[in-house]
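Here is a colleague's note on the structure shown below. Please keep the model open and find each residue as you read.

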Amino acid sequence: MRFEDSRRNLREGFLEKLRNSIKITGNTQIVGLFGDPVKHTLSPSMHNAAFRHLGIDYAYLPFHVREQDLGAALKGIADMGLKGVNLTIPHKVNALKYVKSLCGEADVIGAINTVAVRNKKLFGYNTDGKGFISSLKDDCCFDPKKKNVLILGAGGAARAIAVQLAFYGAEKITIANRVLDFHLARRLAGDIRRKPGVKVKCVLLDEETLIKNARTVQLLVNATSVGLHPGDRLPLTSRFFDNAQSLGMVYDLIYNPPRTKLLRLAGSYGLKTSNGLGMLLYQGALAFEIWTGKKAPIHIMRKALTDAIKNRG
Ligand code: NDP
């Protein structure tokens with residue numbers, strides 16, 4: 001490359017960065033993320049891109065908040081006039097005791113991922129489950145209404161999506177969890193039964209049991225952390241898919257790696273598949289709308305997320 005070309009590229013790169021940077025003014029409204037750790041988060045890229053795109057005076061910042069400091073930190077956002085925060089590990093459950101009221105299905109889910117501040121009072125929301133359903137409907141063209149769903153896992157994310165699926169109108173929800181924490185699945189099933197009309201059961205997460213339940217399953221969701229690492233062993237093999245004649249969609253909440261072993265296996269059966277990037281996107285878009293009262297620019301937020309993942313390598 002010629003010297004002039006490389007100088008021009010550098011100058012253009014710098015101007016692009018400047019155009020993309022957030023301007024902080026005396027009126028800037030602050031939102032952010034409380035978590036421990038927070039270094040890995042992609043949310044600032046997604047939200048700040050949306051603020052820039054709409055030209056609104058907001059900024060999204062990560063805050064490293066330890067478990068024991070959550071109460072003080074949440075009190076602080078009300079006192080300092082922040083618009084709200086997202087919550088990630090380990091705060092989603094602990095935060096319940098610090099908010100004035102829970103909105104939507106957050107009390108049934110028993111966890112919140114979004115806090116909004118109004119008149120110095122804190123309101124708690126859970127946008128994970130709704131984000132999952134939007135991703136299914138809008139990105140995958142799969143409507144879970146009246147569907148038979150099998151969810152692997154009974155942790156925080158499984159709770160959010162199982163409760164939201166029940167409220168949305170799924171017909172049957174089966175929760176599969178390994179022996180170690182089987183009571184988690186039972187408790188979740190019990191909580192979902194509060195919503196009349198949906199059939200719920202919990203089963204052991206082992207392949208023979210999953211195969212017995214495979215025939216009528218229409219949507220399979222992996223809400224365990226199995227698949228995050230290349231050496232992870234899937235709880236099911238091709239035998240499950242051989243028996244799952246009604247299966248139309250396989251969704252893995254994991255988004256990095258983007259094609260987990262489960263998605264590759266499901267893809268080899270010609271099934272529609274999705275990773276969890278859409279859920280991350282739509283839960284963020286809902287939080288954005290709660291804080292700003294404006295429609296989230298989904299395409300801008302999606303591009304910012306995919307760019308951030310690419311740049312991370
Ligand atoms: P939790 O720690 O609350 O739950 C993890 C679940 O995975 C539990 O049910 C756990 O079972 C199960 N599990 C872990 N290891 C194994 C194993 N070896 N075999 C079988 N089951 C196992 O985590 P979350 O619910 O918060 O997150 C679950 C996954 O979803 C993670 O991969 C996370 O990255 C992803 N996620 C994605 C989001 C998105 O926006 N796309 C949002 C939130 C989460 P047990 O109870 O027996 O330990």
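1. Start with one side-chain pair. The side chain of Asn222 makes a polar contact with the side chain of Thr224, at 2.8 Å. A polar contact is a pair of N or O atoms within 3.5 Å; within protein, one must be able to donate a hydrogen and the other to accept it, and residues adjacent in sequence count only if both atoms are side-chain atoms. Asn222 sits in strand E10. Asn222 counts as buried because its relative accessibility is 3%. Buried means under 20% relative accessible area, exposed over 50%, and partly exposed in between, with a 1.4 Å probe and protein chains only.

2. A word on the source. This is a predicted model, where local features need pLDDT of at least 70, side-chain atom pairs count only at pLDDT 80 or more, and totals for chains, interfaces and linings use all residues. Residues are numbered from 1 along each chain as its sequence is written, and side-chain values use heavy atoms, with hydrogens and water left out. Helices (H or I, at least four residues) and strands (E, at least two) are DSSP runs, numbered from the N terminus.

3. Stay with E10. Strand E10 (residues 219-222) runs parallel to E11, and four bridges join them. Two strands pair if DSSP finds at least two bridges between them. Leu220 stands opposite Val250 in E11. Between E10 and E11 the chain passes through helix H9 (residues 238-243), and this β-α-β crossover is right-handed. Right-handed means that, with the strands pointing away from the viewer, the path from the first strand over the helix to the second runs clockwise.

4. Now look at the other neighbour of E11. Strand E12 (residues 272-274) is parallel to E11, with three bridges between them. Tyr251 has Ser274 in E12 as its bridge partner. The chain goes from E11 through helix H10 (residues 261-268) to E12, again in a right-handed β-α-β crossover.

5. Which residues of strand E11 (residues 249-252) point one way, and which the other? Met249 and Tyr251 point one way, Val250 and Asp252 the other, and all are buried. In a regular strand the side chains alternate between the two faces of the sheet.

6. Next, the ligand. The shell around the ligand has 21 residues, and Ala154, Gly156, Ala157, Arg178 and Gly276 come nearest. Here a residue is near if one of its heavy atoms lies within 4 Å. The shell divides into 12 nonpolar, seven polar and two charged residues. Ala, Val, Leu, Ile, Met, Phe, Trp, Tyr, Cys and Pro count as nonpolar, Asp, Glu, Lys and Arg as charged, and the others, Gly among them, as polar. Helix H6 (156-168) and helix H11 (277-292) each supply at least two shell residues.

7. Check the ligand distances. A polar backbone atom of Gly276 is 2.9 Å from a nitrogen atom of the ligand. A polar backbone atom of Gly155 is 3.3 Å from a ligand oxygen. For Ser225, a backbone N or O atom lies 3.4 Å from an oxygen atom of the ligand. The protein covers 72% of the 910 Å² of accessible area that the ligand has on its own. Accessible areas come from the Shrake-Rupley method with a 1.4 Å probe; for residues, only the protein chains shown count as cover.

8. There is also an open sheet of six strands. Its order is E2-E1-E3-E5-E6-E4, with mixed pairing. E2 and strand E4 (101-102) are the edge strands, as each pairs on one side only. Strand E5 (residues 114-118) and strand E6 (residues 121-125) are antiparallel over five bridges. Val115 stands opposite Gly124 in E6.

9. Finally, check some backbone angles. Most residues other than glycine have a negative phi, and most peptide bonds are trans. Asn119 has a positive phi of about 50 degrees although it is not a glycine. Asn119 lies in the loop between E5 and E6. Asn119 is exposed, with a relative accessible area of 74%. Lys146 also has a positive phi, about 60 degrees, and is not a glycine. The peptide bond from Asp36 to Pro37 is cis, with omega near 10 degrees. The bond from Asn256 to Pro257 is cis too, with omega near 10 degrees. Pro257 is in the loop between E11 and H10.
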